Amino acid sequence: MAKPEKHVFVCAQSRPPGHPRGSCGQLGCAAVFQTFAQQFEASQLHGKFQLTSTGCLGACDVGPTVIVYPDAVMYTKVKPEDVGEIVSQHLQKGEPVERLLAPAAVWS
């Protein structure tokens, strides 16, 4: 396996309805992950970039969340329609999508 330039982690955490922290699962993370997978396939990005669904990334109240490493960029409230912009602008051009960046408070 070739070392990827960037690794995209999409939170896939699901908690029961009514859980005090909520979860990205309740906010549509499955559709976000599926859209990333489709974009990776359509643009033949596998190998250059890595895509992984993951457990909780800690920002449950602003999910679905996506982290791109090694850039250490977290996106919040990601919708399937945002994925193409993340792929083209961030992964392919190296410019994070400002409007989706996690608030500074998420990292503290």
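## Overall layout

Helices here are DSSP runs of H or I with at least four residues, strands are E runs of at least two, and both are numbered from the N terminus. This is a predicted model, with residues numbered from 1 along each chain as its sequence is written. Local features need pLDDT of at least 70, side-chain atom pairs count only at pLDDT 80 or more, totals for chains, interfaces and linings use all residues, and side-chain values use heavy atoms, leaving out hydrogens and water.

With 108 residues, a compact globule would have a radius of gyration near 13 Å, and the protein chain agrees at 13 Å. That radius is taken over C-alpha atoms, and the globule rule is 2.2 Å times the number of residues to the power 0.38. The C-alpha atoms fill a box of roughly 40 × 25 × 25 Å along the principal axes. Of the 108 residues, 36% count as buried (under 20% relative accessible area; exposed is over 50%, partly exposed in between, using a 1.4 Å probe and protein chains only). Take the contacts (heavy atoms within 4.5 Å) between residues at least 6 apart in sequence: 62% of them join residues at least 24 apart.

## Aromatic pairs

There are three aromatic pairs in the structure. Rings of Phe, Tyr and Trp (its six-membered ring) pair if their centres lie within 6.5 Å; planes under 30 degrees apart are stacked, over 60 edge-to-face, and the rest tilted. The pair of Phe9 and Tyr69 is edge-to-face, because the ring centres sit 6.2 Å apart with planes at 75°. This pair links distant parts of the chain: Phe9 belongs to strand 1 (residues 6-11) and Tyr69 to strand 3 (residues 66-69), 60 residues apart. Phe9 is partly exposed at 22% relative accessibility, and Tyr69 is partly exposed at 35%.

Phe36 and Phe40 also pair edge-to-face, since their ring centres are 6.5 Å apart and their planes are at 75°. Both lie in helix 1 (residues 29-42), four residues apart, or about one turn of the helix. An α-helix has 3.6 residues a turn, so residues three or four places apart point the same way. Both Phe36 and Phe40 are buried, and together with Phe49 they form one aromatic cluster.

Helix 2 (residues 83-91) has Val83, Ile86, Val87, His90 and Leu91 buried. Seen down the helix axis, these buried residues fall within an arc of 110°, so they line one face; the arc is that of the directions from the axis to the C-beta atoms. What do they pack against? The partners are strand 1, helix 1, strand 2 (49-54), strand 3 and strand 4 (73-75).

His90 sits in helix 2 and is buried at 0% relative accessibility. Its side chain makes a polar contact of 2.5 Å with that of Tyr75, and another polar contact, of 2.6 Å, joins the side chains of His90 and Asp71. A polar contact is a pair of N or O atoms within 3.5 Å; within protein, one must be able to donate a hydrogen and the other to accept it, and residues adjacent in sequence count only if both atoms are side-chain atoms. Not counting residues up to four places away in sequence, His90 touches Lys6, Val68, Asp71, Val73, Tyr75, Glu85, Glu95 and Pro96.

Asp71 is in the loop between strand 3 and strand 4 and is partly exposed, with a relative accessible area of 31%. Leaving aside neighbours within four places in sequence, Asp71 is in contact with Lys6 and His90.

Most residues other than glycine have a negative phi, and most peptide bonds are trans. Here, the peptide bond from Gly63 to Pro64 is cis, with omega near -5°, and Pro64 lies in the loop between strand 2 and strand 3. Another cis peptide bond joins Tyr69 and Pro70, with omega about 15°; Pro70 is in the loop between strand 3 and strand 4.

Ala72 is found in the loop between strand 3 and strand 4, with a positive phi near 55° and 40% relative accessibility, which counts as partly exposed. Lys77, in the loop between strand 4 and helix 2, has a positive phi of about 55° although it is not a glycine. Asp82, in the loop between strand 4 and helix 2, is buried at 7% and is in contact with Lys77, Arg99 and Leu100, leaving aside neighbours within four places in sequence.
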